[in-house]
Amino acid sequence: LLALAVMASGASAFAPSKSLPTCHSRRACAVCSPSMLSPGEPFPADVATKLGVKGKSAVVYFYGSDGSPSCTKEADAFATALPEFRKLNVDVVGVRSDKNAQADFEQRYSQRLVQDTNDEMRQALAIKADLFGALPGRETYVIGKDGKVGLVFNNQLAAEQHATEALRAARELSAGRSVEATAGGGGLGQLIAENSATLVLAQIVYFSAVLAWLLATADAVVDKPLNRERR
């Protein structure tokens, strides 16, 4: 019964939610996980000032940690696309927590990488964490000179796609066109919704392994005093 209860809790945690946000094609929304900002809304002026992008066309991408495999791939993707952003006069700024910053990582790139002290900017933008709060949300904004958001893209697992979508949006905005919604965008919640059966099965396997380990540990704890009594 305990095993079934644990498995059920795991499955329900990963089951698709009816309240998942959807993309709005006319509002350039490529994010399907909760976000405070939507395309067409003003990017917070105080955050823009801290990042040095107020009054400029810019791409601001929030990532988790310097040196992690996925964040390195994302930074590399933006570095590769940087000449194209510069042709469009678009600044590119990466943002991570000051606790997860590494000087040697920052020195590898010509794009600006900014430290977010105590995650103040992340909190101001209400960027949601993924995996039950274990991973900082991976979110990218494309901002026009007028300070309005042109695109919001949130996807924890497709790190390199952030640069692709940001460049696409920057080109559209530079040409004076609205940005179409991006199929396949969305955070971890959207991925879970689209692949619920596989993930539920994986979660059941995971919780089963955890439960087996807990039971084995409990048996070992109980056996020790019994063995002493026999001796």
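Colleague: Among contacts between residues at least 6 apart in sequence, what share joins residues at least 24 apart?

Modeller: That share is 66%, with a contact meaning heavy atoms within 4.5 Å. Keep in mind that this is a predicted model: local features need pLDDT of at least 70, side-chain atom pairs count only at pLDDT 80 or more, and totals for chains, interfaces and linings use all residues. Residues are numbered from 1 along each chain as its sequence is written, and side-chain values use heavy atoms, leaving out hydrogens and water.

Colleague: How many helices and strands does the chain have?

Modeller: Eight helices and six strands, taken as DSSP runs numbered from the N terminus (H or I, at least four residues, for helices; E, at least two, for strands). Reading from the N terminus, you get α-β-α-β-α-β-α-β-α-β-β-α-α-α.

Colleague: What makes F43 and Y141 an edge-to-face pair?

Modeller: A search of the whole structure turns up six aromatic pairs. In the pair of F43 and Y141, the ring centres are 5.5 Å apart and the planes are at 70 degrees. F43 sits in the loop between β1 (29-30) and α2 (45-51), and Y141 in strand β5, so the pair ties together parts 98 residues apart in sequence.

Colleague: Then why is the pair of F105 and Y109 called tilted?

Modeller: Their centres are 5.1 Å apart and their planes stand at 55 degrees, so the pair lands in the tilted class.

Colleague: How do you know whether F105 is buried or exposed?

Modeller: Buried means under 20% relative accessible area, exposed over 50%, and partly exposed in between (1.4 Å probe, protein chains only). F105 has 1%, so it is buried. Y109 has 11%, so that one is buried too. Across the chain, buried residues make up 39% of the 231 residues.

Colleague: And why does L131 count as partly exposed?

Modeller: Because its relative accessibility is 40%. L131 lies in the loop between α5 (120-124) and β5 (139-143).

Colleague: Which residues form the aromatic cluster?

Modeller: Y61, Y63, F78 and F85.

Methods: Phe/Tyr/Trp six-rings, centres within 6.5 Å; stacked < 30°, edge-to-face > 60°.
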